[in-house]
Amino acid sequence: MTATGADRQPWKEAVVYQIYPASFVDSNCDGWGDIPGIISKIDYIKSAGADIIWLSPVYDSPQKDMGYDISDYRSIDPRYGSLEEMDRLIAGLHLRDMKLWMDLVVNHMSDQHTWFKESRSSKDNPRRDWYFWRDPKYGVDGVRKSPNNWRSVFGGSAWTYDEWTDQYYLALFLPSQPDLNWANDDMRQAIHSDIRFWLDRGVNGFRIDSMNLMSKHEDLPDADILDPAEEYQSGEKWFASGPRMHEYLHELRTQVFDPYNAVTVGELGFTKDVESVAKYVAKSRQEVNMLFTGDIVDMDFGHSSKYSRKDFHPGMLRLLTHKWQTAMPTFDGWNSVYLDNHDSGRSLTRYGSDDPKYRAFAAKLLSIYMCTLSGTLFLLAGQEIGMANLPREMGIEHYIDVEGRNHYKRVLKERGGDESKMGDVLRELQLKARDHGRLPMQWSAQTNAGFTNSDVKPWMVVNPDHVAWNVEAQQNDPDSVLSFWKESLALRKKIADIFIYGTFEMFHESSPQDTIVAYKRGSCRTEEEALVLLNFSSQESQTTLLGNQTWNYLRGNYPSPQTRGGSLILRPWEALVYYSKEG
Ligand code: GLC
Ligand code: CA
C-alpha cells in the first residue's frame with residue numbers, strides 16, 4: 001500500500017480538457033475549428049467539470065503535421081484566429097476561474113520558420129548551429145548516404161539532404177520538421193523568450209511536446225541494428241533522454257516557468273523505467289510537474305511498431321496502473337491520469353467497447369476508472385460523451401493523418417500495391433490511427449454534428465455515429481454518459497482525500513476470468529477507504545473481494561449491484577465503487 005502524502009495543490013486536483021482546435025467548433029464555416037468556436041463553448045467545458053483547457057497548437061504553421069510544425073511561435077495561424085482572439089479566450093477562461101495551457105513544440109519546428117531558413121542559407125550563418133547539420137557519408141560505391149542510420153518516427157531516414165550547402169539536417173518527425181539543437185545557448189535563450197511572450201499574455205501552463213528528445217547524444221552515433229531487413233533503425237538510445245535533458249528542463253523551470261507559477265506536463269516517449277522517470281518529475285529536482293508516460297496509450301502497440309498487432313488485455317492496465325500509482329509517491333512525483341490524446345485511437349474502442357449494447361456501460365466504467373486514481377486528470381474532448389473510433393466499415397480513404405498514411409503506403413508498396421492484402425493493416429488503423437483522436441466534436445445530430453454548418457465540408461470526416469452520440473442528446477439526460485462523467489468528476493473532488501490524495505492498493509488476482517481490475521484507495525488522514533471494481537469485459541464475472549468488511553455501495557453504472565451466494569456478480573462492463581469508514 002502506498003500513500004501519496006503529497007502536498008495539496010489546485011493543479012493536482014484540476015481536470016484538464018484537451019482541445020484539438022481544428023476539430024472543436026468551426027465558427028466561420030471554413031471547415032476548420034477555430035478560437036472563437038472554443039470561446040463559444042467555455043461554459044459547456046466548465047459545466048462538464050473541467051478547470052483547464054490544454055490547447056493543441058494554434059500557432060502559425062504550414063500544417064504539415066497539424067500545427068506541430070510551427071513557423072512562428074508568436075503568432076496564430078489565421079485558420080484558427082488572431083492574437084486578439086487568443087487574448088479573449090484567456091480572459092474568458094480567467095473570468096470563470098479557469099486556465100489555459102498551450103502546447104509547447106520546441107524539440108523541432110517548421111522548415112518555414114525564419115530561423116531555419118537563415119540556418120539553411122549558408123554554412124557560416126549564425127543560426128547554422130541552431131539545428132543539426134552534418135556532412136553526407138559516402139558508401140564504397142560512392143553513393144551519398146545520410147550521416148547516420150536513424151529512422152524518422154514517421155518512417156524513412158531521419159535526415160534530409162539539402163543541396164544548397166551539400167549537408168543533411170536532422171528531422172526526427174517529417175522532413176519539414178527540423179530538430180532544434182538545444183545545446184546552443186543562443187537558441188535556448190530565443191526559445192525562452194518566445195515562451196515568456198505567452199506567459200506575459202496570461203497562459204498558465206504548457207504541455208511539452210516530444211519533451212525528452214530535446215537532448216541528443218553529442219556524436220549522434222549509429223543506432224544498433226535490431227531489424228537487419230530495414231535500412232533505417234530506431235536511434236532512441238541516442239536521441240531520447242540524452243545527457244543534458246535534465247539541465248535544459250531545470251533551466252526552463254527555474255528561469256521561465258517558476259516566475260509565472262506555470263505548470264507543465266511533459267510528453268515522455270521511449271523512457272519507461274521508474275528510476276529515469278523519477279528524475280523528470282521528483283518535486284525536489286524542479287523539472288516538470290507531470291509527465292505523460294506513453295505506456296498507457298501504448299498498451300496495444302505491437303512488438304515492432306505502433307501498428308503491429310497486440311490485443312489489449314485488462315491485465316496490462318492493471319500492471320501499469322499499479323506501477324505508476326505506487327511508484328510516483330515514492331519519489332514525490334505526481335501522476336497524470338489519462339487514456340486518450342490526439343495521437344491514437346479512442347480508449348473506448350481500444351480498451352472498452354463501442355458495441356452499441358455495451359458502449360454506454362464501457363464509457364461510464366472508464367470514467368470511474370479515471371476518477372478514482374491519483375493524479376491530474378486529462379480528458380480529450382469528446383471522451384465525456386463516449387466518442388468512439390470511426391466505424392470498421394469506413395475504409396482507408398477516410399484516414400488522412402500523415403502517420404497512418406505513411407505506414408499504409410509503405411506496407412502497400414512492400415506487398416506489390418495489392419490493396420486486397422491490406423486487411424490486417426486496416427484493422428490496426430481502425431484501432432490506433434491518430435485520426436480517431438482528432439474527429440470533429442459531436443455537438444448534435446445535425447449533418448456535420450454541429451461542428452460546422454451542414455453545407456460545409458469539414459477538414460476531416462465526421463463520425464456518422466454522431467446521430468446518436470452527441471452533446472445535445474446527452475445534456476439533459478440524467479442517465480447519459482455525460483451526466484455520469486459530471487457526477488464522477490464531482491465525486492472525485494468531493495472525496496479528494498481518498499481519490500486524489502489517498503493510498504493505493506491493487507488486487508492482483510481478482511477473478512477467475514481475470515477481467516476484473518480492482519483496487520482499494522484509502523485516506524491518509526482517516527480510516528476511510530474506497531473499493532473500486534471494474535469488469536473490463538462483455539462477459540459476466542464474479543468476485544468475493546468485498547470479504548467481511550462492511551462496504552457501503554457508493555456508485556456504479558448499473559442501477560444497483562447484484563450478488564449471488566456470497567459473491568458479487570459483475571455484469572458486462574460493470575463498474576462499482578464502495579466506501580467504508582472502518583479501515
Ligand atoms: C508529438 C505530438 C504529435 C506530433 C509529434 C511531432 O508526439 O503529440 O501529434 O506529430 O509530436 O511533433
Ligand atoms: Ca473556422
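**Ground rules.** I am working from a predicted model, in which local features need pLDDT of at least 70, side-chain atom pairs count only at pLDDT 80 or more, and totals for chains, interfaces and linings use all residues. Residues are numbered from 1 along each chain as its sequence is written, chains are lettered from A and ligands numbered from 1 in the order in which they are written, and side-chain values use heavy atoms, with hydrogens and water left out.

**Domains.** I took the bounds from the domain assignment, which is of an automatic or database kind. Domain 1 covers 10-108 + 184-396 + 434-481, domain 2 covers 114-170 and domain 3 covers 502-581. I noted 30 Å between the C-alpha centres of domain 1 and domain 3. Their contact (heavy atoms within 4.5 Å) takes 23 residues from domain 1 and 26 residues from domain 3.

**Interface of domains 1 and 3.** I read the buried area as about 2,100 Å², with 69% of it on carbon and sulfur atoms. Buried area here is the accessible area (1.4 Å probe) that two parts lose on being put together, summed over both. On the domain 1 side, R318, L365 and I368 supply 34% of the area buried against domain 3, more than any other three residues. R318 also turns up in a salt bridge with D514, at 2.9 Å from N to O.

I then looked up polar contacts, each a pair of N or O atoms within 3.5 Å; within protein, one must be able to donate a hydrogen and the other to accept it, and residues adjacent in sequence count only if both atoms are side-chain atoms. Eight residue pairs across this interface qualify, both residues at pLDDT 80 or more. The elements giving two or more residues to the domain 1 side are α10 (314-330) and α12 (359-371). Helices are DSSP runs (H or I, at least four residues), strands likewise (E, at least two), numbered from the N terminus.

**Salt bridges elsewhere.** I have 45 salt bridges for the structure. In one of them, D194 and R74 bring their closest N and O atoms to 2.6 Å. D194 is in helix α6 (residues 185-200) and R74 in strand β4 (residues 72-76), 120 residues apart. D194 is buried at 9% relative accessible area, while R74 is partly exposed at 33%. The cut-offs are under 20% relative accessible area for buried, over 50% for exposed and partly exposed in between (1.4 Å probe, protein chains only).

R120 pairs with D162 at 3.0 Å between the closest N and O atoms. R120 lies in helix α5 (residues 114-121) and D162 in strand β9 (residues 159-162), so this bridge ties together parts 42 residues apart in sequence. I found R120 partly exposed at 24% and D162 buried at 8%.

**Helix α14.** I listed the buried residues of α14 (residues 423-432) as V425, E428, L429, Q430, L431 and K432. They pack against α11 (347-350) and α13 (402-414). K432 and E428 form a salt bridge at 2.8 Å, N to O. The two residues lie four residues apart in the helix, about one turn, and both are buried. My last entry is a network in which salt bridges that share partners join D65, D343, D401, R434 and R438.

Technical notes
Salt bridge = Lys/Arg side-chain N within 4 Å of Asp/Glu carboxyl O.
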